[in-house]
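Reader: Please take a close look at the aromatic side chains of this model, and then at some of its helices. How are the rings placed, and how do the helices pack?

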Amino acid sequence: MIWILLQRFGFLVVFAAFFCLFAAWNPVFLQGGNLLNVIEGSAVLMIIALGMTLIVATGGIDLSVGIALDFGAAFAVVAMKSYGMDWFGAACAGLIGGSIIGLFNASLVIGLRVSPFLATLSTFFIGSSVQRIFTNGGGPISHRRMPEEFRNLAIGDVYGVPTEAVIAIVLVVLYFLILERSIWGRRIHAMGMQRSAAIIAGIRVNRILLLCFIAASVTCAVGGLIAAANIRMFTPLSGFSYLLDAIAAVFIGAALHPRGRPNVLGTLAGVLFLGMVANGLNLMGLNFNIKDALQGIILVSALALAVAQQRARNRLVS
């Protein structure tokens, strides 16, 4: 009976179990301020995961999302520090930096017909080297006199809600409307499920891939703007820390979908789960190394149960 429940509602059971565990272990976990911290702390990861969701929905994967974040942060900080741009000009420069990564990925996948995995992996290595060369070995570029308007991307609020959370929510709604409620979204999912059939149906696959790679990288660059505004500097290769969590969130969300496809709401659930686990383990005061190991075990368990839930659902349908 318990195994059947885990198969059908595995992820929800795990989510609820750890929520109750953390709440019982430390009452601070349930305080409104801490729950808001979970949402705020998950904002950048949510933005990166949205870009990853878009690419995975096309049937590919993007290992360069962290590079797009880094380029967004680097272009914005350099624009302000070296060229004296205002906050809006710097933000636009950051988005342009992200779009360069998207265009490069698209040129490899569409122009040279390299698989998305290898193309974005190449972009990751090239982008990492460019950052180290530009910063003479990987030193940060700080800008302590950053305009207040730019800083507010990370430390500001809109009617009491942190600005970065508001940006993430707006992007979640936008991605949901595009991927789940538009013709363009249906074409993207059709590509992801059966590309050859999509081509036969007259879908312009290459044009959609181009737009998706650019949109995903620009989205990740938004995360880079927030990251730079938060610490008032650009730190080379900082985007890599979001890559694996973004992949995990997307595939947790895909396993929760009735048809096993990437989706915005599922990705949101995956991101919130990862944020909750990280916050709860911190409140438990565990050793750093033990915390990382436990986080990995919890993630693997959640993924396994989500996949089992999807398979059980498929057996019921068939």
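Author: Trp87 is partly exposed, with a relative accessible area of 33%; Phe88, at 51%, is exposed. Buried means under 20% relative accessible area, exposed over 50%, and partly exposed in between, using a 1.4 Å probe and protein chains only. The model is predicted, so local features need pLDDT of at least 70 and side-chain atom pairs pLDDT 80 or more, while totals for chains, interfaces and linings use all residues. Residues are numbered from 1 along each chain as its sequence is written, and side-chain values use heavy atoms, without hydrogens or water.

There are eight aromatic pairs in the structure. Rings of Phe, Tyr and Trp (its six-membered ring) pair if their centres lie within 6.5 Å; planes under 30 degrees apart are stacked, over 60 edge-to-face, and the rest tilted. Phe19 and Phe29 are edge-to-face, because their planes meet at 70 degrees, with the centres 5.3 Å apart. Phe19 belongs to helix α1 (residues 2–25) and Phe29 to the loop between α1 and α2 (32–41), so this pair links parts ten residues apart in sequence. Helices here are DSSP runs (H or I, at least four residues), numbered from the N terminus. Phe19 is partly exposed at 28%, whereas Phe29 is buried at 1%. Trp87 and Phe88 make another edge-to-face pair, 5.9 Å centre to centre with 80 degrees between the planes. Phe18, Phe19, Phe22 and Phe29 form one aromatic cluster.

Turning to helix packing, α4 (residues 65–83) and α5 (residues 87–111) lie with their axes 7 Å apart, at about 145 degrees. Axes are lines fitted to C-alpha atoms over the stretch in contact, and angles run from 0 to 180 degrees between N-to-C directions. The crossing of α4 and α5 is right-handed, meaning that the near helix is turned clockwise from the far one by less than a right angle. Among the α4 residues that meet α5 are Phe71, Gly72 and Phe75, and the α5 side includes Gly94, Gly97 and Gly98; contact means heavy atoms within 4.5 Å.

Helix α13 (residues 264–283) reaches 29 Å from its first C-alpha to its last, close to the 28 Å expected, a span of 1.5 Å times one less than the number of residues. Asn263 caps its N-terminal end, with a side-chain oxygen 2.7 Å from the backbone nitrogen of Gly266. Just after α13, Gly285 has a positive phi of about 70 degrees.

Definitions and conventions. Helix = DSSP H or I, 4+ residues; strand = E, 2+ residues; numbered from the N terminus. Polar contact = N/O pair within 3.5 Å; in protein donor to acceptor, adjacent residues only side chain to side chain.
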